[in-house]
Amino acid sequence: MSVHAPTTAVQTPTKSPSGETLVEVSGLRRVFDLSKPWLNRMIEGGGRVSLTAVDGVDFAIRRGETYALVGESGSGKSTIAKMAVGLLPPSAGSVTIGGTDVWGEQSADAQRRMRRKIQMIFQDPFASLNPRWRVQAIIEEPIKAFNLLPDAKDRTARVGELLTLVGLDARDGQKFPHEFSGGQRQRIAIARALASDPTFIVCDEPTSALDVSVQAQVLNLLRDLQERFGLTYLFISHNLAVVRHVATRVGVLYLGRLVEEAPARELFAEPKHPYTKMLLDAVPDIEMEGKDRQAIAGEIPNPVNPPPGCHFHPRCPFIMPHCSTDIPPPHAVGNAVARCHLFAEGAGTND
Ligand SMILES: Nc1ncnc2c1ncn2[C@@H]1O[C@H](COP(=O)(O)OP(=O)(O)OP(=O)(O)O)[C@@H](O)[C@H]1O
């Protein structure tokens, strides 16, 4: 997990979300087929090999909320993000946004209306902006694609407005991406994401490629835009110091399964699942400075052949006999939900 906290103060969430569910992820599953082509299997031998990247994930995001997904590399964060925005079909389960199933049968018109309301901001603003296009063309692309402003003059004015909104100059539309710094390029990517007037934005590691000194500025911009336009974010990050500042709720993923979900403040103050505790122990944040830390014990197992029962049991300091055979169901612990046998009735606590 990354340990870099932004150097400038990040504004913490001030408004509480409305309570109305906007995004509902239900029984989401994605299996990748890693088998060799059938002819190679015939000649060289070997059977089918599959990898379950996301294994029955459920969560809901309220309107105006920032829901963060955290977990080590390979835990399934990006795969969930791609399924949520309509880039990758799920093997099972569903994602509904405003009651519409992202992967459901619907008319082309309804599809377009829904796609317009979902946008994504990627980790690397150097890779996500076409280097041969002027910023004007980059930002107006979704406006054109969704036919929002047929008149070119209106589009230029709108791009100027969007550039100002993200803290750039209205005339920057004439420049090319290479004329901007990393932080400015991410602002351009944000302006482009806003161009279709979305309600839901998936931010996949939006500041991980940026200098620590500009991370807080971009995070604050995202926060301001959220308050101004009532945006709902799914925020993917392996940087817990960042998540701590931006998230309203947090879901912790381990090998494709959610092991804990809790309001952000509660998760950081009082983590419940042994894996969450281990993750937080590995992050040098302000409160923990100077204290002894426990390194994350062991390595993440091979996802092609994950441990049975609770996937975390081989690394867990609180292992009990049935942890290696039974998948833990969700248990409510305060405002958190933890999938750990320690919280089953009669199992005692993990203190
Ligand atoms: N197209 C694919 N084909 C095969 N396996 C894949 C594919 N995409 C992802 N995976 C596997 O699925 C698992 C989850 O990957 P994913 O990228 O969602 O994790 P992540 O938590 O986002 O990790 P990172 O922080 O490294 O991006 C990993 O084991 C990965 O190797």
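Modeller: Please keep in mind that this is a predicted model. Where the two domains meet, five residues of domain 1 are in contact with six residues of domain 2, and by class the domain 1 side of that meeting place has four nonpolar, no polar and one charged residues.

Biologist: Which parts of the chain make up domain 1 and domain 2, and what distance separates their centres?

Modeller: Domain 1 covers 78–247, while domain 2 is put together from 250–284 and 297–350. Taken over C-alpha atoms, the centres of the two domains are separated by 32 Å.

Biologist: How should I read a sheet, and in what order do the strands of the open sheet stand here?

Modeller: As a general idea, strands of a sheet pair through backbone hydrogen bonds, and the pairing can be parallel or antiparallel. Here eight strands form an open sheet with mixed pairing, and their order is β6-β7-β8-β3-β9-β10-β12-β11. Since β6 (118–121) and β11 (331–333) stand at the edges, each has a single partner strand, so one side of each is left without a neighbour in the sheet. Neighbouring strands of this sheet are turned against each other by 20 degrees on average, with direction ignored.

Biologist: In which sense does β11 pair with β12, and which residue of β12 stands opposite His331?

Modeller: The pairing of β11 with β12 (residues 336–338) is antiparallel and runs over three bridges, and in it Ala338 of β12 stands opposite His331. Elsewhere on the sheet, helix α11 (residues 274–281) lies across β9 (249–254) and β10 (257–263), and the helix runs at about 100 degrees to β9.

Biologist: Finally, which residues come nearest to the ligand, and which element gives the largest share of the shell around it?

Modeller: Of the 14 residues around the ligand, Phe32, Ala53, Ser73, Ser78 and Thr79 come nearest. The elements that contribute two or more residues to this shell are β2 (50–62) and α2 (77–85), with α2 giving the largest share, three residues. By class, the shell has five nonpolar, eight polar and one charged residues.

How values were computed
Residues numbered from 1 in each chain as written. Predicted model: local features only at pLDDT ≥ 70, side-chain atom pairs only at ≥ 80, totals over all residues. Pairing = 2+ DSSP bridges. Helix = DSSP H or I, 4+ residues; strand = E, 2+ residues; numbered from the N terminus. Axes fitted to C-alpha atoms, helices over the stretch in contact; angles between N-to-C directions. Contact = placed C-beta atoms within 7 Å. Domains from an automatic or database assignment. Nonpolar A, V, L, I, M, F, W, Y, C, P; charged D, E, K, R; others polar. Near = placed C-beta within 6 Å.
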